[in-house]
Amino acid sequence: MKDDIATAEQIAERARWMRRRAMQMVHGKGLGHIGGDLSAADILATLYFGVLNFDPARPDWPERDRFVMSKGHATGVLYTALCAAGYFEDELLESYMAPGSRLNGHPNRNYLPGVEANTGPLGHGFPIAVGIALAAKLDGSDRRTFVLTGDGEQQEGSNWEAAMVAAHNGLSNLTLIVDRNHLQQGAPTAETTALDPLDAKYAAFGWEVHEVDGHDPAALLARLGAPGTDRPRAIIAQTVKGKGVSFMENLAKWHHGVPSDEEFAIAMKELA
Amino acid sequence: MMDGASPSSTFDCRKAWAATLEELAASDPRIVAVVNDSVGSSNLAGFQKAFPERLVNVGIAEQVMVGVGAGLANGGKVPFVSAASCFLTGRALEQVKADVVYSGYNVKLVGQSSGVAYGELGATHHSIEDFAWLRALQPLTVIVPADPWETEAAVRWAASHDGPVYLRLSRMQVPDLGPDANGARSFEPGKARVMREGADATIIACGTTVHLALEAADSLAGEGHDVRVLSMHSLSPLDETAVLAAAATGAIVTAEEALVSGGLGGAVAELCAAHAPVPLERVGFTGFQKTGDVATLFADAGLSGQGIAAATRRALSRKAG
Ligand SMILES: Cc1ncc(C[n+]2csc(CCOP(=O)(O)OP(=O)(O)O)c2C)c(N)n1
Ligand SMILES: [Mg+2]
């Protein structure tokens, strides 16, 4: 919760725990999207422990700040963040993707408190976030909305339609964060459908744009916590897919690769 | 091609799909592949290596992918647009309707890992609504191959046919079903394959459920029931003659890795209700699936040899009553 905002050091510590726990979950289940979990860990830790105003005891509190995880495949990082934020007990993480589990491979708001949207198909979270921000504006509420997309995900046209609607409606209560790890499922974004200049695109769409080191909690805290202006705000977070595990960093194969027992042991050592 | 394989071997039909497409592309320069960051999941790394300039990866953009396919067809190409079924048919449904089927473009839509093959990844990634959605679009030929041989035959037919086709492929392991009940192997869209003859009841299956239906018929034979099994590889156009002949056996069971409503079960029910009312039991899914691996989801839906046999017994008892 906002009242007990964490320091950059505390956020880094939470992110380290989330990375380790996500690694255990993916290794244990033999399924998951570890590369994109690791690239987004510092972003989610900063949001949940330094920025968002929420109460895990009242997940449907109408005035909560909203976070929409548009890159829904990265449930390792989302579920560990929600767990650390107090939405549920650590024990539930053991059931990751087990038959009947509330921790589905992609998030389901009907199973789990704290989830705002059933994402998984890419390019859905941002339009939903625009609607959430519009509702807040209609209510005259100062609650804020944050949405995280992958960078490959930005290839979906729905994002650009959403960007226009948000700017047109002056949604200064909306922040888009792009996990700019330069890799998608099978290849680098630059070799698939290039995105750059991403900042100039959002600026041309009427957005305030910032670049930030997506693995620097202090920088993330400063950017994500800053008050809004008169426009929606896009934060391009430069990240490394697989961050924190040397043999996973910057390799597309770890998009949904699963570490062997030996690789798992090394990964846990490196994330210690 | 699969002759000589031991009956216990199973196959991932994506291999047959990719090998056949590569072979056809070597002699037909019009063939191109269009994908959405799905080279790996479509098994098209070999195609990409052999024909790098004929593989168009539009990125994560399914609506564009299908529209681009229609445009390539306009330019005289024969595009095979290949992506996970859920996104190809769900995200790009209007492009499939307007740009491909309504416009009459010669586009081959190839749905990968369809049904519940993505298991634990959940309902967003399952493609069990596709039968209902695509059966509504006419004239679109919808083909659901049951084994590697049907897959190869379907890809060959799609490439030679001038018109829109949806190939619904799976990555699940299935056995080679061998020749049909007449000892023949022939593939003709709109014509069901009789995989086993029988006069007491008929199980109509397609894709990944055909081998389960055969298992069911085997066990029912031990109980003295003589059950016919059809591989209804063309969901659309449906082989109405074969369905009406099935109705004449007095009891029908449908089995599909899809939503029953609007799916194969829906199609058979529509036809039989109008022309040949008959006891009908339908095995398949009825809605969004809870978290679970493929085996759990299949078992819970009764998609097993035993489950289909039980449904057949129910149909047989209704026939008697
Ligand atoms: C509409 C849609 N198309 C395709 C996919 C399959 N898919 C899952 S993750 C992924 C790559 C995502 O890349 P990116 O957005 O860069 O995410 P990250 O690198 O953060 O994991 C793809 C293609 C999907 N989930 N949804
Ligand atoms: Mg990425």
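A backbone N or O atom of A:Leu183 sits 3.0 Å from an oxygen atom of ligand 1, a polar contact being a pair of N or O atoms within 3.5 Å. On its own, ligand 1 exposes 590 Å², and the protein buries 97% of that; accessible areas come from the Shrake-Rupley method with a 1.4 Å probe.

The model is predicted: local features need pLDDT of at least 70 and side-chain atom pairs pLDDT 80 or more, while totals for chains, interfaces and linings use all residues. Residues are numbered from 1 along each chain as its sequence is written, chains are lettered from A and ligands numbered from 1 in the order written, and side-chain values use heavy atoms, without hydrogens and water.

Two side chains also approach oxygen atoms of ligand 1: a polar atom of A:Asp151 at 2.7 Å, and an N or O atom of A:Asn181 at 2.9 Å.

## The shell around ligand 1

Of the 25 residues around ligand 1, those coming nearest are A:Lys71, A:His73, A:Asp151, A:Lys241 and B:Glu62; a residue counts if one of its heavy atoms lies within 4 Å. Because residues from chains A and B surround ligand 1, the site is shared between chains.

By class, the shell holds five nonpolar, eleven polar and nine charged residues; Asp, Glu, Lys and Arg count as charged, and Gly is among the polar ones.

## The magnesium ion

A:Asp151 (OD), A:Asn181 (OD1) and A:Leu183 (O) coordinate the magnesium ion (ligand 2) at 2.1 to 2.2 Å. Donors are N, O and S atoms within 2.8 Å of the metal (3.2 Å for Na, K and Ca), and sites may look incomplete because water is not among the atoms. Along the chain, the donors follow the spacing D-x29-N-x1-L. A:Asn181 and A:Leu183 are both buried, meaning under 20% relative accessible area (1.4 Å probe, protein chains only).

Terms used: Polar contact = N/O pair within 3.5 Å; in protein donor to acceptor, adjacent residues only side chain to side chain. Buried < 20%, exposed > 50% of the residue type's maximum accessible area, 1.4 Å probe, protein only.
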